[in-house]
Amino acid sequence: MITVYTKDNCPMCDATKRFLTKRGADFEAVPATQEHIDGFVAEGFQQMPIVEANGTKWSGYRPDLLAGALA
């Protein structure tokens, strides 16, 4: 399962969801709360979306990592 933490008006969030949708991926888009964001910042992440897949987590639109998660 892939989880995508998103926020409003985020082009990289939209691109990530579009990438996954085009490939028929099973994913959950979760609107990030301030609590989520505070936790992500504490982990060192500085941009959205935050993607969790196959036990790993990354930030931003990363088609290379998304494709790997779907393989």
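**Loops, helix packing, cores and aromatic pairs**

Pro 49 is found in the loop between α2 and β3. Helices (H or I, at least four residues) and strands (E, at least two) are DSSP runs, numbered from the N terminus. The peptide bond that joins Met 48 to Pro 49 is cis, with omega near -5 degrees. The structure is a predicted model, in which local features need pLDDT of at least 70 and side-chain atom pairs count only at pLDDT 80 or more, while totals for chains, interfaces and linings use all residues. Residues are numbered from 1 along each chain as its sequence is written, and side-chain values use heavy atoms, with hydrogens and water left out.

Two asparagines were then examined for backbone geometry. Asn 9 lies in the loop between β1 and α1. Its phi is positive, about 55 degrees, although Asn 9 is not a glycine. Asn 9 has 79% relative accessibility and therefore counts as exposed. In these terms, buried means under 20% relative accessible area, exposed means over 50%, and partly exposed lies in between (1.4 Å probe, protein chains only). Asn 54 occupies the loop between β3 and β4 (56-59). Here too phi is positive, at about 50 degrees, and Asn 54 is not a glycine. With a relative accessibility of 58%, Asn 54 counts as exposed. In space, Asn 54 lies 9.7 Å from Gly 68, C-alpha to C-alpha; in sequence the two are 14 residues apart. Gly 68 belongs to helix α3. At 45% relative accessibility, Gly 68 is partly exposed.

Helix packing was examined next. Two packed helices are described by the angle between their axes and the distance between the axes. Helix α1 (residues 11-22) packs with helix α3 (residues 63-70) at an angle of about 35 degrees, and their axes are 11 Å apart. Axes are lines fitted to C-alpha atoms, for helices over the stretch in contact; angles run from 0 to 180 degrees between N-to-C directions. The crossing of α1 with α3 is right-handed. A crossing is right-handed if the near helix is turned clockwise from the far one by less than a right angle, and left-handed if anticlockwise. From α1, Thr 16, Phe 19 and Leu 20 take part; they meet Pro 63, Leu 66, Ala 67 and Leu 70 of α3. By class, the α1 contact with α3 comprises six nonpolar residues, one polar residue and no charged residues. Nonpolar covers Ala, Val, Leu, Ile, Met, Phe, Trp, Tyr, Cys and Pro; charged covers Asp, Glu, Lys and Arg; the others, Gly among them, are polar.

Phe 19 touches Tyr 61, Pro 63, Leu 66, Ala 67 and Leu 70, with residues up to four places away in sequence not counted. Contact means heavy atoms within 4.5 Å. Ala 15 is also found in helix α1. At 14% relative accessibility, Ala 15 counts as buried. Ala 15 and Pro 63 are 48 residues apart in sequence, yet 9.2 Å apart in space, C-alpha to C-alpha.

In soluble globular proteins, nonpolar side chains tend to be buried together. A nonpolar core is a set of buried Ala, Val, Leu, Ile, Met, Phe, Trp, Tyr and Cys residues joined through side-chain atoms within 4.5 Å. The largest such core has 10 residues: Ile 2, Val 4, Phe 19, Leu 20, Ala 25, Val 51, Ala 53, Trp 58, Leu 66 and Ala 69. At least two residues of this core come from each of β1 (2-6), α1, β3 (50-53) and α3. A second, separate core has nine residues, including Tyr 5, Ala 32, Phe 40 and Ile 50.

Strand β1 also holds Thr 6. Thr 6 is buried, with a relative accessible area of 9%. Its contacts are Cys 13, Lys 17, Val 30, Pro 31, Ala 32 and Met 48, leaving aside residues up to four places away in sequence.

A search of the whole structure gives three aromatic pairs. Rings of Phe, Tyr and Trp (its six-membered ring) pair if their centres lie within 6.5 Å; planes under 30 degrees apart count as stacked, over 60 as edge-to-face and the rest as tilted. Tyr 5 and Phe 40 form an edge-to-face pair, 5.1 Å centre to centre, with 65 degrees between the planes. Tyr 5 lies in strand β1 and Phe 40 in helix α2 (residues 34-42), so the pair ties together parts that are 35 residues apart in sequence. Both Tyr 5 and Phe 40 are buried. Phe 40 also pairs edge-to-face with Phe 45, at 6.4 Å centre to centre and 85 degrees between the planes. Phe 40 and Phe 45 are both buried. Tyr 5, Phe 40 and Phe 45 form one aromatic cluster.
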